[in-house]
Number of protein chains: 2
Amino acid sequence: MSTIQETIHQMGRQARAAAYRLAQLSSDEKNAILLAMAAAIRQRVPELLAANALDIAAGKEKGLSAAMLDRLILDEKRTEAMAAGIDQVATLPDPVGQILDAWQRPNGIRIEQTRVPIGTIGIIYESRPNVTADAAVLCFKTGNATILRGGSEAIHSNRAIAEALAAAGAPDHAVQLIPFTDRESVAVLAGMDKWLDLIIPRGGKGLIETVVSLARMPVIKHYDGICHLFVDAAADQEMAVALTADSKTQKCGVCNALETLLVHRDIAAEFLPKVAAALRAKNVELRGCDRTRAILTDIAAATEEDWTTEYLDLILSIKIVDSLEAAVAHINEYGSHHTDVIVSRDEATAESFLRQVDSACVFHNVSTRFADGGEFGFGAEIGISTDKLHARGPMGLRELTSYQYRVRGNGQTKA
Amino acid sequence: MSTIQETIHQMGRQARAAAYRLAQLSSDEKNAILLAMAAAIRQRVPELLAANALDIAAGKEKGLSAAMLDRLILDEKRTEAMAAGIDQVATLPDPVGQILDAWQRPNGIRIEQTRVPIGTIGIIYESRPNVTADAAVLCFKTGNATILRGGSEAIHSNRAIAEALAAAGAPDHAVQLIPFTDRESVAVLAGMDKWLDLIIPRGGKGLIETVVSLARMPVIKHYDGICHLFVDAAADQEMAVALTADSKTQKCGVCNALETLLVHRDIAAEFLPKVAAALRAKNVELRGCDRTRAILTDIAAATEEDWTTEYLDLILSIKIVDSLEAAVAHINEYGSHHTDVIVSRDEATAESFLRQVDSACVFHNVSTRFADGGEFGFGAEIGISTDKLHARGPMGLRELTSYQYRVRGNGQTKA
């Protein structure tokens, strides 16, 4: 057994033991520790910034892009945001202990389905050091022990943050950071299903694919958001222009930004010039199907690849469709089952769209940008799941819990 | 691409298309088709028995054990039970369409969390041909398309059953049986996450392990039941004897049968001879820890292996523990997190046990044998999950569904 394997397995055993202690803490006890974690972050700002400076220096030496360096950097504003985020999690209701269902059987046994923590959760993530605090704190709030495995670029920052959190009175090993950043550590973590109940990879498609192919335990996946907006023949066109512009441009580098616009043929000639003007005013590059290009004659052709691309950029592909059914078929075939919108004044058409589109979030007359735990009112978000099992769409604290059946009787036997 | 791969990928595409049609069926439409499926089974009894005779003849030639042949055999009683089971599923409430939660945000958007089918489900199973009908029907009731991959011993029976179900008016490809029974077909199925949302392996540990190591999509696992019963110092000893005997002997070859008895040291000297007498009267072989053998002097020693063995037989391991905490620690360490029981008159002790034991089902003064979808009142059971994500413990129709957020607004933008 390699040193990496030995170390990570030992962390797994420790996480399991910590999880049993965490599950017994009351909400008040957990919240007091959360407030202490926030205080520890605030107290240790000088240490955090010093650790971060090492990462930044190494990153510059490695030639990281300006965008990557920006993701990596910590300053007093970002550490304060981290601490304030923890304070806020302390104020959220604790889902653990909630009774989901309760009933009595004719033989007198009383069955209760009660929310409990999942147990132990592995988080594998890339550059942003704030994920160390965000993920650990949400898992802690819900009584789960966390094993974090961050990227090599942020190792000093991550270590300093994890040490601050661990110093705040939580049970030993409630939050552990893997000291290795090579690929073997991902494989070891993904293989130890005895000690790890769930893995959540946070990062690009390559990272998620790697974890999926290695993991023996459940993985909650946050794949691409190839989001669509369908402008129905019965749309309020002014609203459709506003929703398209907001969905595409309010923030374009995120999974709930719009990537493909579908337009009903009956209004295309009237609507497309209007929406194109609004998008061009925001510097959006347009690519269209042949029929779109017959109306917007100066735009590039969209290829088959465009329909399956998450641009994360100011680019929008446009397709004219013959019917609601054609829009639904395109979305279900090419989309990523994340968030899709219909704009229509016709309630029946809209309801039909909501029922037929196989996506986590289906919206009527709302910007795609509202597919978000904060906008849903969850208070905190661990991500937006593109899975259908356990958690789908924006994930809040509830989605970090499991349940258990507690059954009480007075000697019932089956024989 | 091999023929097997091509065929199964084609079935995957067809299943996805079928799932979209199934998701649009009303409960009444699905129930009418279910009744037609039951009728088709009854009509085709001669064909089913003829196909089954081929499997039985091949099984005898291969030298299958009497127990395996018994699992394989179909007769008029078993085909009628299959049909009656389908009729019964038609009478159960349909969870699809249920509104799980609904709320409005300050900006006016209305969010609804609605139950929807999962989509496409793969079932990989071993010898019993009735699984073909049971699994397909539960998936159909919840609007899911099914791809079945049964074992080679039952291939003729499985094909005849699947044909009967498919002939009952369901959308094309709602229920498909893979015509191959080799290992490659399992690997192909487990790899096609584009078309399959979930795999449920039903069979022994080896089969489940194989699927877990290959699958790229979620797997719901039904691992062993290493179930415990802890007799607390404050137990009603007569009740404890009855519950032990029922849990161990009412049916011993199942996952919710008792495998290890834990006895509090303060009552061991009095309790053990009583429970031993009752178990011996039922021909149960006892194995004990050293302290147990100081009281029951004629029983064999339990080794470390006994604590982690699912006997599925009339064998019981016994251990004396010093405290509730020791009982909990043993169960969490050696158990399979399936079903564990405390027998006690002390409510506080019992509640502490229920809160600390990390198992799907935790019982107070109830036989382990009630860990069952039927006994819980689910009306139907697809299995007992030992997973913590999505479905834990007895799985009914609810656990074959996902959800979707349907959001309605009037033009809300984020900017």
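This is a predicted model: local features need pLDDT of at least 70, side-chain atom pairs count only at pLDDT 80 or more; totals for chains, interfaces and linings use all residues.
**Exercise 1. Describe the side of chain B that touches chain A, by elements and by residue class.**

Solution. The contact takes 56 residues from chain B and 56 residues from chain A. Turning to the elements of chain B, at least two residues of this side are supplied by each of α9 (205-214), α10 (237-249), α15, β13 (361-366) and β16 (401-412). The largest share of the side of chain B that touches chain A comes from β16(B), with 11 residues. Sorted by class, that side of chain B has 24 nonpolar, 19 polar and 13 charged residues.

**Exercise 2. Trace the open sheet of 10 strands, and explain which strands stand at its edges.**

Solution. The order of the strands is β1(A)-β2(A)-β16(A)-β13(B)-β12(B)-β7(B)-β8(B)-β11(B)-β9(B)-β10(B), with mixed pairing. Between the chains, β16 of chain A (residues 401-412) pairs with β13(B) in the parallel sense over 5 bridges, and A:R408 stands opposite B:H364 of β13(B). Within chain B, β7(B) and β12(B) also pair in the parallel sense, over 4 bridges, and here B:H228 stands opposite B:D340 in β12(B). The edges are β1 (99-104) of chain A and β10 (300-301) of chain B; each has a single partner strand, so one side of each is left without a neighbour in the sheet.

**Exercise 3. Show how the buried residues of helix α14 of chain B are arranged, and what covers them.**

Solution. Helix α14 of chain B spans residues 324-334, and its buried residues are B:L324, B:A327, B:V328 and B:I331. Seen down the axis of α14(B), these buried residues fall within an arc of 95°, so they line one face of the helix. On the other side of α14(B), B:E325 and B:E333 are exposed. The cover over the buried residues of α14(B) includes the chain B strands β7 (227-231), β8 (258-264), β11 (315-321) and β12 (339-343), together with α15 (347-356) of chain B.

**Exercise 4. Decide whether A:L198 is buried or exposed, and list its contacts beyond four places in sequence.**

Solution. A:L198 lies in strand β6 of chain A, residues 198-202. Within 10 Å there are 25 other C-beta atoms, and because the threshold for a buried residue is 20 or more, A:L198 is buried. Leaving aside neighbours within four places in sequence, A:L198 is in contact with A:I118, A:I121, A:M217, A:P218 and A:I220, and also with B:L389 of the other chain.

**Exercise 5. State how chain A is divided into domains, and which residue classes occur where domain 1 touches domain 2.**

Solution. Domain 1 of chain A comprises 3-221 + 393-407, and domain 2 comprises 227-375. The C-alpha centres of these two domains of chain A lie 35 Å apart. Their contact takes 4 residues from domain 1 and 5 residues from domain 2. On the side of domain 1 of chain A that touches domain 2, the residues divide into 2 nonpolar, 2 polar and no charged.

Conventions
Residues are numbered from 1 along each chain as its sequence is written. Chains are lettered from A and ligands numbered from 1 in the order in which they are written. Domain bounds come from an automatic or database domain assignment. Two residues are in contact if their C-beta atoms, placed from the backbone, lie within 7 Å. Ala, Val, Leu, Ile, Met, Phe, Trp, Tyr, Cys and Pro count as nonpolar, Asp, Glu, Lys and Arg as charged, and the others, Gly among them, as polar. A residue is buried if 20 or more other C-beta atoms lie within 10 Å of its own, exposed if 12 or fewer, and partly exposed in between; C-beta atoms are placed from the backbone. The arc is that of the directions from the helix axis to the C-beta atoms. Two strands pair if DSSP finds at least two bridges between them.
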